[in-house]
Amino acid sequence: KGKGKKMAKAASKTIQNNAVLGAGIMGGGIAYQSAVRGLPVVMKDINTAALDLGLKEAAKILGKGMERGKIDARTMATALNAITPTLEYSALKNADMVIEAVVENPKVKGMVLKETEQAVADDAIICSNTSTISINQLAENLDKPERFCGMHFFNPVHRMPLVEIIRGEKTSEDTINAVVATTLKMGKTPIVVNDCPGFLVNRVLFPYFAGFSKLLLDGADFVAVDKVMEKVFGWPMGPAYLMDVVGIDTGDHAADVMAAGIPERMSRLENDPITLFYNDKRLGQKNAKGFYNYG
Ligand code: NAD
């Protein structure tokens with residue numbers, strides 16, 4: 001009986017050629033991770049300067065790996081060769097899977113996903129690395145939403161083990177299975193979650209950030225809070241430092257998305273220090289000033 005069941009289920013698609021859209025912080029990291037794990041990847045952006053940045057980022061991570069003796073010169077050369085930069089959608093025609101990692105803007109993503117669907121093979125899988133936009137909403141732009149899901153990597157991609165795979169209402173199980181298998185091939189740990197505001201990680205993280213903001217409004221010192229979380233709770237970093245790493249602009253935007261999605265639990269605080277910092281253009285490590293000063 002068991003045997004018949006197994007036979008009936010077709011094996012899910014094996015991904016042999018990957019592609020990433022956007023060569024930014026995340027796109028460059030995803031391209032690196034794919035290439036170093038033996039999965040060739042086309043990396044598309046809209047200008048050569050952006051492509052150069054993505055390639056440089058991949059080369060930098062590979063160089064550090066070599067310095068630490070984690071990879072040898074041959075692996076480095078093979079990985080760099082496995083990333084094909086392009087400005088053209090036509091370069092996606094042989095891709096089995098495309099991971100969209102362009103700017104976090106629903107209009108831009110909607111357009112890019114539509115253009116991607118026209119450029120790829122009928123059975124290619126399309127994923128979005130969005131941190132905050134609903135997968136069901138993005139799926140509305142597609143003719144074949146069953147081949148689409150979220151594939152949310154964390155920053156920095158080469159160090160963070162987790163990948164959230166987000167199932168939209170119309171995502172097929174074959175799509176999920178193929179993306180899980182590819183995540184494992186890329187050396188990452190997949191978790192499959194349903195579409196909801198914040199998916200899983202930000203749904204857990206943002207109540208923590210909200211608690212931190214409340215403490216600050218009550219007069220707590222952020223350095224002291226960070227110390228407690230690091231030294232007493234043993235977390236790798238406290239909330240202020242983490243917010244600087246994430247980017248205060250990104251954090252503020254994600255908090256808005258959580259508030260809109262689950263207002264009864266995540267409504268924004270009046271005078272939230274995160275928003276005040278954002279308005280003051282203290283964006284965290286990306287512009288060298290956030291809770292802490294850098295550089
Ligand atoms: P980024 O600004 O560093 O890079 C975005 C890239 O997309 C740029 O190189 C830009 O030129 C390119 N781009 C814009 N329009 C394009 C188009 N039409 N076609 C191809 N490329 C285009 O952004 P990022 O931080 O890498 O974020 C990318 C995505 O990943 C966003 O959806 C973001 O929410 C998500 N994300 C970011 C982080 C993070 O910590 N930065 C973590 C997880 C997920």
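Which loop does Phe199 lie in? Phe199 sits in the loop between strand S8 (189-194) and helix H8 (201-217). Keep in mind that this is a predicted model. The chain is divided into domain 1 (7-194) and domain 2 (202-287), and a ligand is surrounded by 24 residues. Here's the rundown.

**Overall build**
- You'll count 13 helices and eight strands in the chain.
- The radius of gyration comes out at 20 Å, close to the 19 Å that the globule rule gives for 295 residues, so the chain is as compact as a globular protein of that length.
- If you're setting up a box, the C-alpha atoms fill one of roughly 60 × 45 × 40 Å, taken along the principal axes.
- Taken over C-alpha atoms, the centres of domain 1 and domain 2 are 28 Å apart.
- Of the 295 residues in the chain, 38% are buried.
- Looking at contacts between residues at least 6 apart in sequence, 65% join residues at least 24 apart.

**Nonpolar cores**
- The largest nonpolar core has 49 residues, and the members that touch the most others are Val20, Ala31, Ala35, Val41 and Val98.
- Helix H2 (residues 25-36) is the top contributor to this core, giving six residues.
- Leaving out residues up to four places away in sequence, Ala31 touches Val20, Val41, Met43, Gly54, Ala58 and Ile83.
- There's also a second, separate core of 19 residues, with Ala210, Leu216, Ala240 and Phe277 among them.
- As background, nonpolar side chains in soluble globular proteins tend to be buried together.

**Around the ligand**
- The closest of the 24 residues surrounding the ligand are Gly22, Gly24, Met26, Glu104 and Asn155.
- Sorted by class, the shell has 14 nonpolar, seven polar and three charged residues.

- For context, most residues other than glycine have a negative phi, and most peptide bonds are trans.
- Asn155 and Pro156 are joined by a cis peptide bond, with omega at about -5 degrees.
- Pro156 is in the loop between strand S6 (148-153) and strand S7 (162-167), while Asn155 is one of the residues closest to the ligand.
- Phe199 isn't a glycine, yet has a positive phi of about 50 degrees.
- Phe199 has 22 other C-beta atoms within 10 Å, so this residue counts as buried.
- Ala288 is another non-glycine with a positive phi, about 70 degrees.
- Ala288 is in the segment after H13 and is partly exposed, with 13 other C-beta atoms within 10 Å.

**Two more spots to look at**
- Asp280 is in the segment after helix H13 (273-279).
- Why does Asp280 count as exposed? Asp280 has 10 C-beta neighbours inside 10 Å, and a residue is exposed if that count is 12 or fewer.
- Asp280 and Gly290 are ten residues apart in sequence, with their C-alpha atoms 9.5 Å apart in space.
- Leu184 belongs to helix H7 (residues 173-185) and is partly exposed, having 13 other C-beta atoms within 10 Å.
- Leu184 and Val163 are 21 residues apart in sequence, and 9.5 Å separate them in space, C-alpha to C-alpha.

Note on methods: Residues numbered from 1 in each chain as written. Predicted model: local features only at pLDDT ≥ 70, side-chain atom pairs only at ≥ 80, totals over all residues. Core = buried A, V, L, I, M, F, W, Y, C linked by C-beta atoms within 7 Å. Buried ≥ 20, exposed ≤ 12 C-beta atoms within 10 Å, placed from the backbone. Helix = DSSP H or I, 4+ residues; strand = E, 2+ residues; numbered from the N terminus. Contact = placed C-beta atoms within 7 Å. Near = placed C-beta within 6 Å. Nonpolar A, V, L, I, M, F, W, Y, C, P; charged D, E, K, R; others polar. Domains from an automatic or database assignment. Rg over C-alpha atoms; globule rule 2.2 N^0.38 Å.
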